[in-house]
Amino acid sequence: MSAKPKLYYFDGRGKMESIRWLLAAAGVEFEEEFLETRDQYEKLLQGGSLLFQQVPMVEMDGMRMVQTRAILSYIAAKYNLYGKDLKERALIDMYVGGTDDLMGFILMFPFLSAEDKEKQRAFIVEKATSRYFPVYEKVLKDHGQDFLVGNNFSWADVHLLEAILMVEEKKSDVLSGFPLLQAFKARISSIPTIKKFLEPGSQRKPVPDDKYVETVRRVLRMYYDIKAN
């Protein structure tokens with residue numbers, strides 16, 4: 001295995017993007033192998049690398065890890081982004097879980113029909129502004145600190161920034177009613193490792209396009225249509 005973590009996924013965001021974000025936030029360089037054909041995927045399956053027959057898969061520290069949440073938890077713990085005790089870890093898990101729910105509404109967006117995309121866009125913005133962003137705005141207001149948990153930079157902060165930027169791609173002024181989240185976004189974006197990841201030429205992936213969708217459908221043999229929420 002490579003000395004650097006090696007990521008196996010498509011050349012696009014999907015479930016791997018949060019793993020890229022967290023590694024980048026920790027200042028960890030990583031390599032990627034992009035799945036472009038069914039044969040590549042079948043080879044991983046036949047080699048026993050995909051425990052549950054699915055990607056993302058990450059080779060790291062002598063392990064082949066699958067299941068996105070397990071991979072993220074390992075990286076967060078390894079690089080001290082998972083709180084100082086069990087109580088902080090529980091808070092981080094809660095906030096990450098909530099952010100995951102919001103990001104889940106966006107994950108399948110590229111696979112929707114044009115009509116369903118407009119419905120889903122409105123749904124995403126409504127959920128972000130009525131259910132999720134108010135929670136994080138209140139957390140920041142109640143404790144008056146720079147970060148979500150323990151006044152230290154953590155996985156929760158990385159995940160929330162990723163989600164904010166994803167929702168802003170659907171509605172650019174979505175944070176207009178959340179001044180503390182606006183300040184949070186600016187603050188976290190200025191952290192050197194995050195700033196570097198946000199710069200052009202990084203391993204951050206762009207908004208999924210038709211080529212990404214076609215590749216995923218072909219490799220995974222997705223012959224069905226995704227429906228909006």
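With which residue does the side chain of Glu169 meet in a salt bridge?

Modeller: Happy to! The partner is Arg13: the two side chains meet in a salt bridge at 2.8 Å, N to O. By salt bridge I mean a side-chain nitrogen of Lys or Arg within 4 Å of a carboxyl oxygen of Asp or Glu. Before going on, please note that this is a predicted model, where local features need pLDDT of at least 70 and side-chain atom pairs count only at pLDDT 80 or more, while totals for chains, interfaces and linings use all residues. Residues are numbered from 1 along each chain as its sequence is written, and side-chain values use heavy atoms, with hydrogens and water left out.

Now to the domains themselves. Domain 1 takes in 6-79 + 198-220 and domain 2 takes in 86-190; such bounds come from an automatic or database domain assignment. Their C-alpha centres are 22 Å apart. Domain 1 brings 21 residues to the contact and domain 2 brings 19, where contact means heavy atoms within 4.5 Å.

How much area is buried between domain 1 and domain 2? The figure is about 1,600 Å², and carbon and sulfur atoms give 68% of that. Buried area here is the accessible area (1.4 Å probe) that two parts lose on being put together, summed over both. On the domain 1 side, the residues that lose the most area to domain 2 are Ser18, Trp21 and Arg69, which together make up 31% of what that side buries.

Charged and polar pairs also span the two domains. There are 3 salt bridges between domain 1 and domain 2. The count of residue pairs in polar contact, both at pLDDT 80 or more, is 4. A polar contact is a pair of N or O atoms within 3.5 Å; within protein, one must be able to donate a hydrogen and the other to accept it, and residues adjacent in sequence count only if both atoms are side-chain atoms.

Which elements give two or more residues to the side of domain 1 that touches domain 2? They are helix H1 (17-25), helix H3 (68-78) and helix H9 (210-220). Helices (H or I, at least four residues) are DSSP runs, numbered from the N terminus. By class, this side of domain 1 has 12 nonpolar, 3 polar and 6 charged residues. In that grouping, Ala, Val, Leu, Ile, Met, Phe, Trp, Tyr, Cys and Pro count as nonpolar, Asp, Glu, Lys and Arg as charged, and the others, Gly among them, as polar.
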